[in-house]
Amino acid sequence: MSYVDEVYQMVVDKNPAQPEFHQAVKEVLDSLRVVIEANEEEYRRDALLERLVTPERQILFRVPWVDDKGQVQVNNAFRVQFNSAIGPYKGGLRLHPSVNISIIKFLGFEQIFKNSLTGLPIGGGKGGSDFDPKGKSDREIMAFCQSFMTELFKYIGADTDVPAGDIGTGAREIGYLYGQYKRLTGLYEGVLTGKGLSYGGSLARTEATGYGVLYITEEILKCNGHDIKGKTVCVSGSGNVATYAIQKAQQLGAKVVTCSDSTGWIYDPEGIDVDLLREVKEVKRARLTEYAAARSSAEYHEKKNGEHGVWSVKCDIALPCATQNELDIEDAKMLVANGVIAVVEGANMPTTMDATEYLQSNKILFCPGKASNAGGVATSALEMSQNSERLSWTFEEVDAKLKNIMINIFHNLDDAAKKYGMEGNYVAGANIAGFLKVADAMKAQGIV
């Protein structure tokens, strides 16, 4: 058995019932096989892969809080500090009922390579809880966030671990978390990113992940002889990433015709109205039925089992921006049949492995989330820099730095794929480019 296969089997054996984590490790190790086999003796001797796939620290704790009826509720919470070889742990806090240790470990593992690809000095980590902010009052969310931070604060810091937002954790939640951290520690520092502009946040952070997806999409298309102008785009999701991906796509001259939420999806042949979408999702925190009710050109489709939603619509570019494993093999087949030329992941691992392989085998330009989704964490690192300098950069400055980072990410992964004889395989290129930097840092720092 090869070293890669041995390590993957070890991960499965030591981490039972963690399918998302197994999937993330397998995808990365398979694409690194050519690099690992060229250095197998050295990597095996130093157990480099074993150290890479094993978190430096896993923190699991309970979060008790009191709801508006006076009932005590208890949630499970996690922080996985995966790898600090190139900088302090960096990764979001996800608040969603689906959160478990497998999902947090998969996200933390992916974050190692995503953060490495940005070229910025940040390591990989992730955290969250199975708390569901939907339907909760502001007071209940504050109670949860304060209890959550009362345990988490012991393990984080500006030079140790810098969490950020994620699904379910927006500006409101970050504000409550930061206030409690400051109260407990007496420190006013850049320990959380995604903060409000009045207390250390960065301009363009809200837009960063979605904008970053389009900056790298535009560069991929350009380098493969295509122009994004005039292209039809399908987007899944209607959260932060999807909303600003839609906005930037339309600024670049494309037309976005779909978006979705947990209950249904919209088809708007006239192009998604971003201002209306933001009003429905960010202000009213309502369902997409309200978008359809306010816009005559839009069709609302309720989500049904077995239905493939947004991916059944003919498009040139598909941007899955909702959640993991949302685009499956049947979706991939429909996209290919409908003439898609590029699939660029806006979410973390939203495409199943068999769907990814099908898209690649059909010569579709496919960019993995660890590269295309990196704009958010890159801008979080820029927020950390501004906090350290006690400065605030303009929107244009941050946006220009973001665009340059995303373009560099594409060329680094493209060069890595070409160097190892896998031209056009951007999944392998992203994993190799991200891995080599982390591996060099781990080797330099000894057996730690």
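The questions and answers below walk through a predicted model of one protein chain.

Local features need pLDDT of at least 70, side-chain atom pairs count only at pLDDT 80 or more, and totals for chains, interfaces and linings use all residues. Residues are numbered from 1 along each chain as its sequence is written, and side-chain values use heavy atoms, with hydrogens and water left out.

User: How many helices and strands does the protein chain have?
Analyst: Helices (H or I, at least four residues) and strands (E, at least two) are DSSP runs, numbered from the N terminus. On that basis the protein chain comes to 17 helices and 12 strands.

User: What is the radius of gyration of the protein chain?
Analyst: The radius is taken over C-alpha atoms, and the globule rule is 2.2 Å times the number of residues to the power 0.38. For 448 residues the rule gives 22 Å. The chain comes close to that, so it is as compact as a globular protein of that length; its radius of gyration is 21 Å.

User: What percentage of the 448 residues is buried?
Analyst: Buried means under 20% relative accessible area, exposed over 50%, and partly exposed in between (1.4 Å probe, protein chains only). By that cut-off, the buried share of the protein chain is 56%.

User: Which residue in β10 is the bridge partner of Val233?
Analyst: Strand β6 (residues 232-236) pairs with β7 (residues 255-260) in the parallel sense over 3 bridges, and Val233 stands opposite Val256 in β7. β6 also runs parallel to β10, joined by 4 bridges. There, the partner of Val233 is Ile317.

User: Which residue in β11 is the bridge partner of Ala318?
Analyst: In strand β10 (residues 317-320), Ile317 and Leu319 point one way and Ala318 and Pro320 the other, and all are buried. β10 pairs with β11 (residues 342-344) in the parallel sense over 2 bridges. The partner of Ala318 is Val343.

User: Within what arc do the buried residues of α10 fall?
Analyst: Helix α10 (residues 274-283) has the buried residues Val274, Leu276, Leu277, Val280 and Lys281. They line one face of the helix, because seen down its axis they fall within an arc of 160°. The arc is that of the directions from the helix axis to the C-beta atoms.

User: Which exposed residues does the other face of α10 carry?
Analyst: The buried residues of α10 have cover that includes α9 (240-251), β7 and α11 (289-294). The face turned away from the buried side carries Asp275 and Val283.

User: Which residue in β5 is the bridge partner of Tyr89?
Analyst: An open sheet of 5 strands, with mixed pairing, has the order β1-β2-β4-β3-β5. β1 (57-66) and β5 (161-164) are its edges. Strand β3 (residues 89-95) runs parallel to β5, joined by 4 bridges. In β5, Tyr89 is partnered by Asp161.

User: Is Ser2 buried or exposed?
Analyst: Ser2 lies in the segment before α1 (3-14). Leaving aside neighbours within four places in sequence, Ser2 is in contact (heavy atoms within 4.5 Å) with Arg33 and Arg44. Its relative accessibility is 18%, so Ser2 counts as buried.

Conventions. Pairing = 2+ DSSP bridges.
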